[in-house]
Amino acid sequence: MKDRQRTETSAVPMLEVRELQSRYGRIRALKKVSVTVHGGELVALVGANGAGKTTLMRAISGVQPITGGRILFEGKDISRMNAAARVRLGIVQVPEGRRVFGAMTVEDNLRLGAISRSKNEEEEGLERAYDLFPRLKDRRRQLAGTLSGGEQQMLAIGRALMAKPRLLLMDEPSMGLSPLLVDQTFEIIQKLAAEGMTIFLVEQNAYVALSIATRGYVLEGGVTTLDGSGEALLHDPRVKEAYLGV
Ligand SMILES: Nc1ncnc2c1ncn2[C@@H]1O[C@H](COP(=O)(O)OP(=O)(O)OP(=O)(O)O)[C@@H](O)[C@H]1O
Ligand SMILES: [Mg+2]
């Protein structure tokens, strides 16, 4: 009986997005999006420009209003919870386009990520971020605006980690990076996943995203149309034709 209870408890997904809808005025950006992320999973959602990926991430973070459907976190409906409260629950997003504060130092950018955390947690987080990204440690007094694109990506990830995420949301981490930096960024994402971090990432770069994902989804015109293991989607003819150019 005890065992059964335990199984049932662990079967509650960390994140469940059910038939989500969201619009910008008359534009329906999300029409029917359903996604499940279990604790410890690395789930990738791939889709073309304008498919609704950023809108979905912003809706999960609580900064984009929804007009239908539900968002559950560990079984609890958070659809109406404000963004700050979601961060306190551990839902933390690395925004699209990195968006670091250019006129602030690397270290101050990192510290900002820990704004909802205690001073102790802030210091621990800083140590951990520098551990993960030694380049940031070397540049901690440098203004973030003078970092290279890849370094800014590291900073944006480091800053998100400072908030002690339980669910890390990443919006196109490969955007604007050279192939080498894309590889490096995805290595870091894999490393975080291997350490047990639950990650939901959206990407236009279907190949790299599905290659490292446990499971994946395809988003087309605001609708999740396909799902499966990362491996299965990589070999799905529909994905190959539309997103992998083969
Ligand atoms: N602020 C806005 N006002 C009006 N329409 C918007 C706004 N933001 C996004 N849209 C529209 O909503 C749709 C989904 O946009 P979204 O940014 O979510 O796509 P995306 O999948 O992230 O694309 P990309 O790969 O280019 O980042 C698009 O048709 C877009 O034009
Ligand atoms: Mg986007």
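Which residues does S61 touch, not counting residues up to four places away in sequence?

**Figure 1. The whole protein, a predicted model.** Local features here need pLDDT of at least 70 and side-chain atom pairs count only at pLDDT 80 or more, while totals for chains, interfaces and linings use all residues; side-chain values use heavy atoms, with hydrogens and water left out. Residues are numbered from 1 along each chain as its sequence is written, and chains are lettered from A and ligands numbered from 1 in the order in which they are written. Look for eleven helices and ten strands; these are DSSP runs numbered from the N terminus, with helices being H or I of at least four residues and strands E of at least two. The C-alpha atoms fill a box of roughly 50 × 45 × 40 Å along the principal axes. A compact globule of 246 residues would have a radius of gyration near 18 Å, and the protein agrees, with 18 Å. That radius is taken over C-alpha atoms, and the globule rule is 2.2 Å times the number of residues to the power 0.38.

Figure 2. Buried residues make up 50% of the 246 residues; buried means under 20% relative accessible area, exposed means over 50%, and partly exposed lies in between (1.4 Å probe, protein chains only). A contact means heavy atoms within 4.5 Å. Among contacts between residues at least 6 apart in sequence, 67% join residues at least 24 apart.

**Figure 3. The largest nonpolar core, with 49 residues.** A nonpolar core is a set of buried Ala, Val, Leu, Ile, Met, Phe, Trp, Tyr and Cys residues joined through side-chain atoms within 4.5 Å. The residues with the most contacts inside this one are L168, L192, I199 and L201. Helix α7 (residues 149-162) gives the most to this core, with seven residues. Follow L192 and you will find that it touches R128, L132, I157, L161, L168, M197 and I199, not counting residues up to four places away in sequence. A second, separate core has 28 residues, including L30, V33, I66 and Y217. In soluble globular proteins, nonpolar side chains tend to be buried together.

**Figure 4. S61 and its contacts.** Here is the reply to the opening question: S61 touches A83, R86, Q93 and L169, leaving out residues up to four places away in sequence. You can find S61 in helix α2 (residues 53-61). S61 counts as buried because its relative accessibility is 11%.

**Figure 5. Two residues with positive phi, E19 and K164.** Most residues other than glycine have a negative phi. E19, which is not a glycine, has a positive phi near 45 degrees. E19 sits in strand β1 (residues 15-24) and is partly exposed, with a relative accessible area of 44%. K164, also not a glycine, has a positive phi of about 55 degrees. K164 lies in the loop between α7 and β7 (167-171) and, at 40% relative accessibility, counts as partly exposed.

**Figure 6. I212 and F186, 26 residues apart in sequence.** In space, their C-alpha atoms are 7.9 Å apart. I212 belongs to helix α9 (residues 206-212). Is I212 buried or exposed? I212 counts as buried, at 16% relative accessibility. Leaving aside neighbours within four places in sequence, I212 is in contact with L42, F186, I189 and Q190.
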